[in-house]
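Morning, everyone. I have one model to walk through today. Please have the sequence and the 3D view open.

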Amino acid sequence: MSLYGGIDLGGTKIQAAVLDGVSNVLGSARRPTPVSGGPADVAAEMETALRDAAKAAEVEPAALAGVGVGSPGTVDEHGAVTSARNLPGWEGTFPLAATLAQALGCAVRVGNDVQVATVAEFELGAGRLYGSLLGVFWGTGVGGGLILDGRPWRGRGGAGEIGHVVVEIDGARCTCGRLGCMEAYAGRASMEAHVRRQHEEHGRKTDLFKLMNEHGHTRLTSGIWARALEKHDKLAERTLERAVRALGAGVASVVNVLDVEGVVIGGGLGVRLGHPYAQRIAQAMQPHLFMDQRPPHVHVAALGDLGGAIGASLLFERPTGRAA
Ligand SMILES: [Zn+2]
């Protein structure tokens, strides 16, 4: 049976997996994403992660039928990646597929990280019962992936940017520089900036930064937000309520246009906060849905942390759980 590799290139971690032809994970490995250097250094860590996963699966990388990669940034048809956000020194274009193919000795294909994770949920995860799906990846930013009529929809290459759906005219400043985007309220980076201002400039009490320091982080990770909620931290609760309201308005607006059957909530925060928050987002969508008597099904991503790597491996087509 042919074996396949998948690599998910994230802003904080690189996740690799080796799978068999029906997408059972035979081995996996994780490395931190380099914070300095450039694309060649990132590619070297990706190679190491895949080699570790292959070792766990007891296979040589060169024997794999192919390795798929999910990457941020713009990906061209040759697997070159341009302006990969949150990655060191990656403003220009880097031949990622060619570099990894040379290093690993097998075929390599590169796709957009959010798109391949959406395909994974559609083929194997929470979206496998549906013919159309919206993937919402709620993390540092808010990414979106689309499956319409059974096929990924990329538009002219820029489709799915759900984080930049406007939920308030002239609203909060987004990381993209525009005003009122959903991500300006719901993205982890924007939420952190918001609570920092509330805490430092307006004197609002919160244990978020204390928890961050106690756990040795320099950012408010999804885990820190979850711990603050467990402790009923008022500022954390109010900021997440604001995020949920923005997600409800933004996701419902997209559903009004596309009328998808299913919505899968993934990403670091989406997976960490889990089912209760998926339900809260569904409730927040309800007042904005035009066809409110027939809302789409809303689920948490079922493949969790490995979803990106599994989805990347699906860039090499094969019989899957959805076939037949
Ligand atoms: Zn924006």
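**A hairpin pair, a zinc site and a kinked helix**

Start at Ile147, which stands opposite Pro152 in β11. Before going on, the ground rules. This is a predicted model, where local features need pLDDT of at least 70, side-chain atom pairs count only at pLDDT 80 or more, and totals for chains, interfaces and linings use all residues. Residues are numbered from 1 along each chain as its sequence is written, and side-chain values use heavy atoms, with hydrogens and water left out.

Back to the strands. Helices (H or I, at least four residues) and strands (E, at least two) are DSSP runs, numbered from the N terminus. Two strands pair if DSSP finds at least two bridges between them. β10 and strand β11 (residues 151-152) run antiparallel, joined by two bridges. Their hairpin has two residues between the strands, and Asp149 in the turn has a positive phi of about 55 degrees.

Phe137 stands opposite Gly143 in β10. A hairpin of three residues joins β9 to β10.

Is β10 enclosed or open? Six of the seven residues of β10 (residues 142-148) are buried, so the strand is largely enclosed by the rest of the structure. Buried means under 20% relative accessible area, exposed over 50%, partly exposed in between, with a 1.4 Å probe and protein chains only.

Now the metal. Which residues coordinate the zinc ion? His164 (ND1), Cys174 (SG), Cys176 (SG) and Cys181 (SG) do, at 2.0 to 2.4 Å. Donors are N, O and S atoms within 2.8 Å of the metal (3.2 Å for Na, K and Ca). In sequence the spacing is H-x9-C-x1-C-x4-C. The site is tetrahedral, with angles of 104 to 113 degrees among the four donor atoms. The cut-off: four donors count as tetrahedral if all angles lie between 85 and 135 degrees. Cys174 counts as buried at 5% relative accessibility, while Cys176 is partly exposed at 30%.

Next, helix α9 (residues 267-285). The helix has 19 residues and would span 27 Å if straight, at 1.5 Å a residue, but spans only 19 Å between its end C-alpha atoms. The expected span is 1.5 Å times one less than the number of residues. A kink of about 110 degrees lies at Gly274, shortly before Pro276. The bend at a residue is the angle between axes fitted to the seven residues ending there and the seven starting there.

Last, the whole chain. There are ten helices and 13 strands. Of 324 residues, 52% count as buried.

Methods. Four donors count as tetrahedral if all angles lie between 85 and 135 degrees; four count as square planar and six as octahedral if opposite donors are over 155 degrees apart and all others between 65 and 115; anything else is irregular.
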